[in-house]
Amino acid sequence: MFGALVVAANDQAYADIWDDDDTMEELVKDIDNGKDNDDDMNWNEFKDSKIFKQEDIETQGCIENRQDLSNNLADYEVLRCFEDSDYAY
C-alpha cells in the first residue's frame, strides 16, 4: 500500500511589517505597541523601502550595523536605533 504526501500551500499574502506605515516613527510606534512583530525582517526589502530611505543617516547606519552584526534584523533593533542611533556601537 502506498501513501500520498499532500502539501497544502497557504494562500495568505505576506506583507512586510512596514508596509502600512509612512514613516519610521509610525513603524516604531507599531513595534512598541506590539502591533508589528518580526524578528527576521527582510533586510534587502527594508533597506529599499521608502521608510528606511527617508530616515536620517545616523539611524540608517545604526540599523545597517545591527543587521551586519547578526545577519538578520529584528524589529526591536529598528526601535532601539530609532530611539538612539548609537545603539549599534
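## Overall layout

Helices in this report are DSSP runs of H or I, at least four residues in length, numbered from the N terminus. The model is predicted. Its chain holds 5 helices and 0 strands. Along the sequence, the pattern reads α-α-α-α-α.

The chain has 89 residues, and 36% of them are buried. Its accessible surface comes to about 6,200 Å². Carbon and sulfur atoms account for 45% of that surface.

## The nonpolar core

In soluble globular proteins, nonpolar side chains tend to be buried together. Here the largest nonpolar core has 17 residues. Within this core, the residues with the most contacts are M24, L27, F46, I63 and V78. Each of α1, α2, α3, α4 and α5 supplies at least two residues of the core. The largest share, 4 residues, comes from α1.

M24 shows how the parts meet. Setting aside residues up to four places away in sequence, M24 touches F46, I51, F52, Q54, E55, I63, V78 and F82. Two of these, F46 and I63, are also among the core residues with the most contacts.

## Helix α1: one face in, one face out

Helix α1 spans residues 24–32. Its buried residues are M24, L27, V28, D30 and I31. Seen down the axis of α1, they fall within an arc of 160 degrees, so they line one face of the helix. An α-helix has 3.6 residues a turn, so residues three or four places apart point the same way.

The cover over the buried residues of α1 includes α2, α3, α4 and α5. The face turned away from the buried side carries the exposed residues E25, K29 and D32. Just after α1, G34 takes a positive phi of about 80 degrees.

## Helix α4: start, length and sides

Helix α4 runs over residues 57–70. At its start, a side-chain oxygen of D56 reaches to within 3.2 Å of the backbone nitrogen of E58. What length should α4 have, at 1.5 Å a residue? Its 14 residues should span 20 Å, and its end C-alpha atoms are 20 Å apart, which agrees.

The buried residues of α4 are T59, Q60, C62, I63, R66 and Q67. They cover an arc of only 165 degrees around the axis, which puts them on the same side of α4. Their cover includes α1, α2 (43–47), α3 and α5 (75–83). Exposed residues I57, D68 and L69 sit on the face turned away from the buried side.

T59 belongs to helix α4. Is T59 buried or exposed? With a relative accessible area of 3%, under the 20% cut-off, T59 is buried. Beyond its neighbours within four places in sequence, T59 is in contact with C81, F82 and S85.

Q54 lies in the loop between α3 (50–53) and α4. Its relative accessible area is 46%, so Q54 is partly exposed. Which residues does Q54 contact, leaving aside neighbours within four places in sequence? They are D22, T23, M24 and Q60.

T23 and Q54 are 31 residues apart along the chain. Their C-alpha atoms are separated by 7.8 Å.

## The loop after α4

N71 lies in the loop between α4 and α5, just after α4. Its phi is positive, about 60 degrees, although N71 is not a glycine. N71 is exposed, with a relative accessible area of 66%.

N72 has its place in the loop between α4 and α5. This residue is partly exposed, with a relative accessible area of 24%. Apart from residues up to four places away in sequence, N72 touches D39, D40, R66, Q67 and E77. Two of these, R66 and Q67, are buried residues of α4. The side chain of N72 also reaches the backbone oxygen of D39, at 3.0 Å.

Technical notes. Residues are numbered from 1 along each chain as its sequence is written. This is a predicted model: local features need pLDDT of at least 70, side-chain atom pairs count only at pLDDT 80 or more; totals for chains, interfaces and linings use all residues. Side-chain values use heavy atoms; hydrogens and water are left out. Buried means under 20% relative accessible area, exposed over 50%, partly exposed in between (1.4 Å probe, protein chains only). Contact means heavy atoms within 4.5 Å. The expected span of a helix is 1.5 Å times one less than its number of residues. The arc is that of the directions from the helix axis to the C-beta atoms. A polar contact is a pair of N or O atoms within 3.5 Å; within protein, one must be able to donate a hydrogen and the other to accept it, and residues adjacent in sequence count only if both atoms are side-chain atoms. Accessible areas come from the Shrake-Rupley method with a 1.4 Å probe; for residues, only the protein chains shown count as cover. A nonpolar core is a set of buried Ala, Val, Leu, Ile, Met, Phe, Trp, Tyr and Cys residues joined through side-chain atoms within 4.5 Å.
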